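Let's walk through this model together, one kind of side-chain contact at a time. Please keep the viewer open as you read.

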Amino acid sequence: MLRIAVPNKGMLSEPAWNMLAEAGYRLRSNPRQLVVEDPDNDVELFYLRPLDIAVYVGRGTIDVGITGHDLLLNSGTDAKEHMELGFGASTFRFAAPNDSPISTLEDIAGKRVATSFDKLVHDYLVEHGINAETVHLDGAVESSVQLGVADLIADVVSTGTTLRNAGLRIFAEPLLHSEAVLIRSPRLAENDDRLTILSRRLQGVLTAQRYVLMDYDIPVEKVSAAVDITPGFESPTVSPLHDKQWAAVRVVVPKAKVNQLMDQLYEVGARGIIVTALQASRM
């Protein structure tokens, strides 16, 4: 039985649950339920604190887990990143008070940096030859400077609004860009059949989220031009219609380009263009 750790709460939790549900796995029915057995898929789901998932996967008996790339790096465990999951994107940045002279990476030398990711920040500073003190705090770190704990902070940033409201400004290059990832235990082989099935299912969900199915009719003499616009993965399905001068085309296209593709197809003569959402896929 494959043991899978998923976030119990936080920004990664709901997208992770949705992805597993769309991949066909059984989720908990009670928010207090921390372990779910799914015998149909031969898996066991464990709902854990996001900060702990990499530790359980790297050092414990959990086989795989869904967590953030930043959380994996900060864990210091031997858990391996297996695949990116396409959600939970974030940027890790330094921020200092608006009236602080700290404005470059070099200015951090000798200062106190408050963060919930002390290992990640320490390793980054050492890599860049900066000697500074990291101050570990659980939870929000925006108030640490005002309360005298630190001179600056290092934290996950999305819009930067929270930092601005706390009187902080972002400076220097990002420490890293992060997103949700599937990680595996160092004791689990990369080609393990159970991991292969899980990865294939999750990749199918990702494909279904990023692509749609497009159908359209096109004059036979314009089929080549239309296929150049929508080549699909391998090749579109082209079928004859009752009117022999027309053909029907079915193809998978990127969701983000749907309207541009429809405009281009219409220009070359396509009609009856219909777009259908994908629920699942195997490519």
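Predicted model: local features only at pLDDT ≥ 70, side-chain atom pairs only at ≥ 80, totals over all residues.

Residues are numbered from 1 along each chain as its sequence is written, and side-chain values use heavy atoms, with hydrogens and water left out.

Now for the rings. For Phe, Tyr and Trp (its six-membered ring), two rings pair if their centres lie within 6.5 Å; planes under 30 degrees apart count as stacked, over 60 as edge-to-face and the rest as tilted. The count by this rule is 5 aromatic pairs. In one of them, the ring centres of Phe 92 and Phe 117 are 5.0 Å apart and the planes stand at 75°, so this pair is edge-to-face. Phe 92 belongs to strand 6 (residues 90–97) and Phe 117 to the loop between strand 7 and helix 4 (118–127), so the pair ties together parts that are 25 residues apart in sequence. Helices (H or I, at least four residues) and strands (E, at least two) are DSSP runs, numbered from the N terminus. Both Phe 92 and Phe 117 are buried.

Phe 94 and Phe 171 make a stacked aromatic pair, with 6.0 Å from centre to centre and 25° between the planes. Since Phe 94 sits in strand 6 and Phe 171 in strand 10 (residues 168–178), the pair ties together parts that are 77 residues apart in sequence. Phe 94 is buried, and its relative accessible area is 0%. Together with Tyr 124, Phe 94 and Phe 171 form one aromatic cluster.

Let's turn to the nonpolar packing. A nonpolar core is a set of buried Ala, Val, Leu, Ile, Met, Phe, Trp, Tyr and Cys residues joined through side-chain atoms within 4.5 Å. Which residues touch the most other members of the largest nonpolar core? Of its 26 residues, they are Leu 85, Leu 182, Leu 198 and Leu 202. At least two residues of this core come from each of strand 1 (2–7), helix 1 (13–22), strand 3 (43–48), strand 4 (64–68), strand 11 (180–184) and helix 6 (193–210). Helix 6 gives the largest share, 5 residues. Another core lies apart from this one; it has 20 residues, among them Ala 96, Leu 105, Ile 108 and Phe 171. If you zoom in on Leu 85 and set aside its neighbours within four places in sequence, you will find it in contact (heavy atoms within 4.5 Å) with residues including Met 19, Ile 66, Leu 182, Leu 202 and Leu 206.

Charged pairs come next. The structure has 8 salt bridges, each a side-chain nitrogen of Lys or Arg within 4 Å of a carboxyl oxygen of Asp or Glu. One of them joins the side chains of Glu 44 and Arg 3 (3.5 Å, N to O). With Glu 44 in strand 3 and Arg 3 in strand 1, the pair ties together parts that are 41 residues apart in sequence. Glu 44 is buried at a relative accessible area of 12%, whereas Arg 3, at 29%, is partly exposed.

Arg 112 and Asp 151 also meet in a salt bridge through their side chains (3.2 Å, N to O). Arg 112 is in strand 7 (residues 112–115) and Asp 151 is in the loop between strand 8 (133–136) and strand 9 (152–157), so parts that are 39 residues apart in sequence are tied together. Arg 112 is partly exposed at 27%, and Asp 151 is partly exposed at 24%. A further salt bridge links the side chains of Glu 190 and Arg 184 (3.8 Å, N to O). Is Glu 190 buried or exposed? At 54% relative accessibility, Glu 190 counts as exposed, while Arg 184 is buried at 12%.

Finally, look for charges over rings, where NZ of Lys or CZ of Arg is within 6 Å of the ring centre and within 35 degrees of the ring normal. Arg 28 lies over the face of Tyr 47, 4.1 Å from the ring centre, and Arg 271 lies over the face of Tyr 266, at 3.7 Å.

Terms used: Buried < 20%, exposed > 50% of the residue type's maximum accessible area, 1.4 Å probe, protein only.
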